[in-house]
Amino acid sequence: MMHTRVCEILGIKYPILQGGMAWVATAELAAAVSRAGGLGIIGAGNAPGEVVEKEIVKVMELTGRPFGVNVMLLSPFVDQVMEVIIRHGVKVVTTGAGNPGKYIDELKDSGAKVIPVVPSVALARRMQSMGADALIAEGTEAGGHVGEVTTMCLIPQIADAVDIPVIAAGGIADGRGLVAGLALGAEGVQMGTRFVCSKECTVHQSYKDALLKAGDRDAVISGRSTGHPVRCLKNKLTRDFEKLERAGTPAEELERLGVGKLREAVVEGNTKTGSVMTGQIAGLINDIKPVDAIIKGIIYEAVDVLKNTGKVLGR
Ligand code: TUI
């Protein structure tokens, strides 16, 4: 039950990955997800190689289970982070916010499975042809830096376009979402926002509280005019950004105003003028639970949903 090619390739029990969120996806969270039978992923974000290295070492101390590192390709430290990943023999590398093509061969030679996040069919095809082992197809419902196509439309189109396994991301936080992802042709799911609202997640309590309070329309996109749209919780920061974008503020100035804002929210708990990155599914999440309970609950619910769907169909 629920055993897919994603479980095989990654050596995990359940086809559930934790998003490699910058500042949020620390060793503690990643280790908890891997211990619970999913794939925990450290988010390198904009951190230098030595900081990512410490997190890798910490996860290895906390669990012997497989884990991954997400490389954010807009980071000025990508080359350092890749070197650290290869030196430590990290087994799974996911990438975001760009095309990881030039790193794929070297990562694969080191024994890593390479799983790029893709927001389009074109990039999915390109990544398959360059040797990616699987793909994370992320819809615009996701938090942080996002593409334009919804999960509902993106997953089946990418699943039809490639032969390698597809992992659905964006808007998934429960067993229904897992079943939906599988129904659309994915062989696993990645969740970010659900794991932010976990006991083991080290973000400031105010960040978690803000997500628990969020409703269905509270996660909005800012920064479209910069070419790097980001989905965050609506607050003073997003309202100020909207005004500046409407006034035609140059992209470089907007980018400059955004620097350090995610850290302010995650570390200092500033949910008013910090960047509270979150997916649209925050509106569905009403509790903080241990990671193990989140994963087990999703699997139980998914099995139940499948049984009930069978009944509706008269089987
Ligand atoms: O990367 C993410 N989510 C992120 S990265 C991040 S840090 C950041 N902060 C401010 C501005 C920009 C980034 C916060 N959240 N998710 C994976 C993802 N990747 N979503 C979309 C993409 C993507 C977009 C374009 C992947 C590839 C791509 O390719 C363009 C190309 O070069 O072909």
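This is a predicted model: local features need pLDDT of at least 70, side-chain atom pairs count only at pLDDT 80 or more; totals for chains, interfaces and linings use all residues.
## Around the ligand

Let's look at some polar contacts (pairs of N or O atoms within 3.5 Å). A backbone N or O atom of A97 is 2.9 Å from a ligand nitrogen, and a polar backbone atom of H145 also lies 2.9 Å from a ligand nitrogen. From E138, a polar side-chain atom sits 3.2 Å from a nitrogen of the ligand. The protein buries 73% of the 720 Å² that the ligand exposes when taken alone (Shrake-Rupley method, 1.4 Å probe).

## Two packed helices

Helices α6 (residues 121–129) and α7 (residues 151–161) pack at about 35°, their axes 9 Å apart. Helices are DSSP runs (H or I) of at least four residues, and axes are lines fitted to C-alpha atoms over the stretch in contact, with angles from 0 to 180 degrees between N-to-C directions.

In α6, V121, A124, R125 and Q128 meet Q157, I158 and A161 of α7 (heavy atoms within 4.5 Å). This contact has four nonpolar, two polar and one charged residues.

## About the model

Residues are numbered from 1 along each chain as its sequence is written, and side-chain values use heavy atoms, leaving out hydrogens and water. Local features need pLDDT of at least 70 and side-chain atom pairs count only at pLDDT 80 or more, while totals for chains, interfaces and linings use all residues.

Note on methods: A polar contact is a pair of N or O atoms within 3.5 Å; within protein, one must be able to donate a hydrogen and the other to accept it, and residues adjacent in sequence count only if both atoms are side-chain atoms. Ala, Val, Leu, Ile, Met, Phe, Trp, Tyr, Cys and Pro count as nonpolar, Asp, Glu, Lys and Arg as charged, and the others, Gly among them, as polar.
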